[in-house]
Amino acid sequence: MSEPTLREATRSGPGRLLIAVYALFALAACARSAVQIGTHFERAPTAYLLSALAAVVYVVATVGLVRGSRASRRVAVVSCAVELVGVVAVGAFSLLHPAAFPDATVWSLFGRGYGFVPLVLPVLGLLWIRRTAPGATRTAQ
Amino acid sequence: MVDGLTTTLNWFALGMALWSVVLVILLRPPLPGRPDGWAFLGVLALLELGLLVQAVVGLARLAGTDREVEGLTFAGYLVGVLLVLPIAVFWSLTERTRWGVAVLVVGCLTVAVLNVRLAQVWTGAAGV
């Protein structure tokens, strides 16, 4: 599959909606962590650093999907994986040790504050990249 | 906040989300050049205009209030919500499939959610 075709496949169909939701979370996470770090960083440094990490990961995943090149899709896979590990780890940890998270992050309680979308999004992202991978449609069907 | 303007815009946004859902079902992207396309985009522009008025009034209120309001968060929501619809329309119309139209549903729902949060920040409800 040529690069323009790959880009088209990544960005069209369900990918269009997926990228929209990723962009939304990139915006939300960036804004949230900017406010947290900018105004009261000392209140919960760990949680806020995780917020910032989440924001960076969402931005990288969004850009990776939008560009839709072979290399950028690989970057998107890594960031989706980091995201999945992050939301599961932070979700479990915030459930077991609420005291460590006096203030919420996007990933707290498996993203409950965001309708659990943060938990579902990386899975959908990984599935989508796999489905649009060169040759996937021919071998999978 | 702002004399019910936020609540009105909220219902407006939810109505537009519903309209977008209908467009998804009918598989009819609101393309400029078609009467129904112009109607949708026109009403959506009206919503954006309402959000702009809300931003101006809200920022003025923020400057004038002596209550404790998380100013930066509040201003962020006021201005941030303005970005959603233009980006959603651009991203939606460049793909004329059901998925493309669904982006408009997400955009309109996002406006509604951001407006709810905006009202919460103004009244000082919990959350950051």
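Predicted model: local features only at pLDDT ≥ 70, side-chain atom pairs only at ≥ 80, totals over all residues.

The interface, then. On one side, 13 residues of chain B are in contact with 17 residues of chain A. The area buried between the two chains is about 1,400 Å², and carbon and sulfur atoms give 75% of that. The rule finds one salt bridge across this interface. That salt bridge joins the side chains of Arg16(A) and Glu95(B), at 3.8 Å from N to O. Polar contacts between chain B and chain A come to three residue pairs.

Which elements of chain B give two or more residues to the side that touches chain A? They are α3 (71-93) and α4 (98-123). The largest share, six residues, comes from α4(B). By class, that side of chain B has seven nonpolar, four polar and two charged residues.

Now the pockets. The largest pocket holds about 1,200 Å³ of space. Its lining has 40 residues, and those nearest the centre are Ala28(A), Arg32(A), Tyr114(A), Tyr77(B) and Arg117(B). The largest share of this lining, nine residues, comes from α2(A). By class, the lining has 25 nonpolar, 11 polar and four charged residues.

The second largest pocket has about 290 Å³ of space. It is lined by 16 residues, with Ala20(A), Ala23(A), Leu24(A), Val84(B) and Ile87(B) nearest its centre. Elements giving two or more residues to that lining include α2 of chain A and α3 of chain B. In this lining, 13 residues are nonpolar, three are polar and none is charged.

Conventions. Residues numbered from 1 in each chain as written. Chains lettered and ligands numbered in written order. Heavy atoms only, no water. Contact = heavy atoms within 4.5 Å. Buried area = accessible area lost by both parts, 1.4 Å probe. Salt bridge = Lys/Arg side-chain N within 4 Å of Asp/Glu carboxyl O. Polar contact = N/O pair within 3.5 Å; in protein donor to acceptor, adjacent residues only side chain to side chain. Helix = DSSP H or I, 4+ residues; strand = E, 2+ residues; numbered from the N terminus. Nonpolar A, V, L, I, M, F, W, Y, C, P; charged D, E, K, R; others polar. 1 Å grid on protein atoms, 1.4 Å probe; cavity = no way out; pocket = protein on both sides within 12 Å on 5 of 7 lines; lining within 4 Å. Points joined across faces, edges and corners; volume = space filled by probe spheres on them.
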